[in-house]
Amino acid sequence: MTVAQAVVEFLGRQYTVDSVGGPGGGAYRGRLIPGMFGIFGHGNVAGVGQALKQWQVADPALMPYYQGRNEQAQAHQAVGYARHTRRRQTFAISTSIGPGSSNLLTGAALATANRLPALLLPSDTFATRAADPVLQQLEQPHGYDITVNDAFRPLSKYFDRVNRPEQLFSALLHGLRVLTDPAETGAVTIALPQDVQAEVFDVPEEFLAEREWRIRRPEPEAEDIAEAARRIRAAKRPVVIAGGGVLYAFATEQLRAFAEATGIPVGWTQAGVGSLAWDHPQALGAVGSTGTTAANALVRDADLVIGIGTRYEDFTTASRTAFQAPGVQFVNINVAPIDAYKHGTSLPIVADARKALAALTTALGGYRVGGELERVVADEKARWDDTVDAAFAEDHQPLVSQNAIIGAVNRAMDPRDVVICAAGSLPGDLHKMWRIRDPFGYHVEYAYSCMGYEIPGGLGVKRAALDAAARPSAEGGEENRDVVVMVGDGSYLMMHTELVTAVAEGIKLITVLIQNHGYASIGALSEQLGSQRFGTKYRTLDHEHHTFDDGEKLPIDLATNAESLGVTVYRIEPGPNAIADLEAAIGKAKAAPEGSGPIVIHIESDPLVDAPSSESWWDVPVSGASELDSTKAAFATYIDHKSRQRPLIG
């Protein structure tokens, strides 16, 4: 068979097995690569394209093929699918050489930054150099073996290039090892030269047999658990920061049991939303720069921080200003050593979050925090809940506020539905205000915060939800979930073309498109940093002063744009009934049958109405010298915040 035929058949017979997360909470077994995306060009049409077509004729179930409109968006779909399946399944993506391959680079970076698996199969130029140079080949005089695909090396957790057919065996086996490793997973890139793809070689039958990849869930060391329990008992104000590792380990029940037994409050990162329900007595909500005042008040005074499955990015730590107690210590539980050892912690626990939490709860039997800490938690939660209630109830006119839009969407969605977002002001506002009710109900891509991720990522999540609903209950099937993408006009214009993919497949993806005529998030940040919202408005060019800041609003109609793609569109007219109409439109969209295709709900908002303050900070440097008074004032504020920044060695 050809190399490409071997790739397709091999991938179609790989399975993930897991000790948790299966039917009834038991063991799980499922396809690791349930399908392949591809856009074909001269690099892969006669290789992977031919192999997919051959299997479509022989056995369509072995490796279903899916179209897409952009290679980057296909990678985003794979990542969305992978996150909703808790990193146990993902898609493969085949591209042609040149721009087809380089279009994948952003998707690779996003997958690796988020620690989410995606299998990338970019085509490469002739390994034999029989035709040299070929169309779209990159030539470097200092290194003639360099191709466009070498750009994937720093963006991938595993990279290989199959220059000889015999190299395929080790390339795929090593690649899938990394793909299924919870500590190492991310983008796996295996470059396939266009001539090698079509080359014939002998493939051992055992290579094409079914193979299982077990998710490693390491036990914690007994000494580490004992020491963690000792430190918790000695602490006066302990707090938990729950990250995505809690969800990927299926540890939400163990975290809830730990919090209820000990009374230790829990804040969460963007990836950790869903670790507890928003109204749980120990739930503080989001922590850090986009956090709640409740979480930030508790972590500010915490003398012991228990990080579980978090990588401690700068929003979580408020750029290392969040933790202000003298002598604060960190106990970091993480399956990845790079995260367990962050901040110079003296107690890293490299272990599965579920197993570590269960062991720690047992070791702390009989322990509970003091009543004063529990009163502070209750008071701070009530203060923040009142703040969010007021934000959701805003009656701002003539255009509604984004706060009220978020409240309406939150109320209109069922507990099991999934909200999707990625970039702009929405992720921060959702992080602090979204009232989560289900562990799978919140999906905000924020490790890379990629504008344009929202619609393709949401489509990936919806694919995963539909696949889960199609399985019999004995195999882990579940009730279908609606997926609601929230996206601003800036991100929509970056990458909305996968709506066409949803139209082609009849996938009911609900998108709430918020039109605010610019980049609201970076506009607000620009104003805070003294740059007066420069370059963040969608306006016509003032040719005399060469500025886009003061011209007329652009006459763009994104609702009509979506309609032109074949999408059903509901327009929410500005005015006093806009919020009620929005809720009604979401209800109508949810009532539409599966298979009816995507729906866009278009609403305008006022970009100048901010979300409630997190009483926190994010370090974005301000110009130290300026002729603008606004920048001078911003720099003085910046220096004040910098004075509270700490190395966080604990």
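In strand β12, Ala-283 is the bridge partner of Val-266. Strand β11 (residues 266-268) pairs with β12 in the parallel sense over three bridges, where pairing takes at least two DSSP bridges between two strands. Welcome to a predicted model, in which local features need pLDDT of at least 70, side-chain atom pairs count only at pLDDT 80 or more, and totals for chains, interfaces and linings use all residues. Residues are numbered from 1 along each chain as its sequence is written, and side-chain values use heavy atoms, leaving out hydrogens and water.

**The sheet**
- Six strands form an open sheet in the order β12-β11-β10-β13-β14-β15, with parallel pairing; strands are DSSP runs of E with at least two residues, and helices are runs of H or I with at least four, numbered from the N terminus.
- At the edges are β12 (283-286) and β15, each pairing on one side only.

**Helix α8**
- Helix α8 (residues 222-234) has 13 residues.
- Ile-225, Ala-228, Ala-229, Arg-231 and Ile-232 of α8 are buried, meaning under 20% relative accessible area, with exposed over 50% and partly exposed in between (1.4 Å probe, protein chains only).
- The buried residues fall within an arc of 165° seen down the axis of α8, so they line one face of the helix; the arc is that of the directions from the helix axis to the C-beta atoms.
- On the other side of α8, Ala-222, Glu-223 and Ala-234 are exposed.

**The contacts of Ile-601**
- Leaving out residues up to four places away in sequence, Ile-601 touches residues including Ile-510, Val-512, Tyr-570 and Leu-582; contact means heavy atoms within 4.5 Å.

Key. The expected span of a helix is 1.5 Å times one less than its number of residues.
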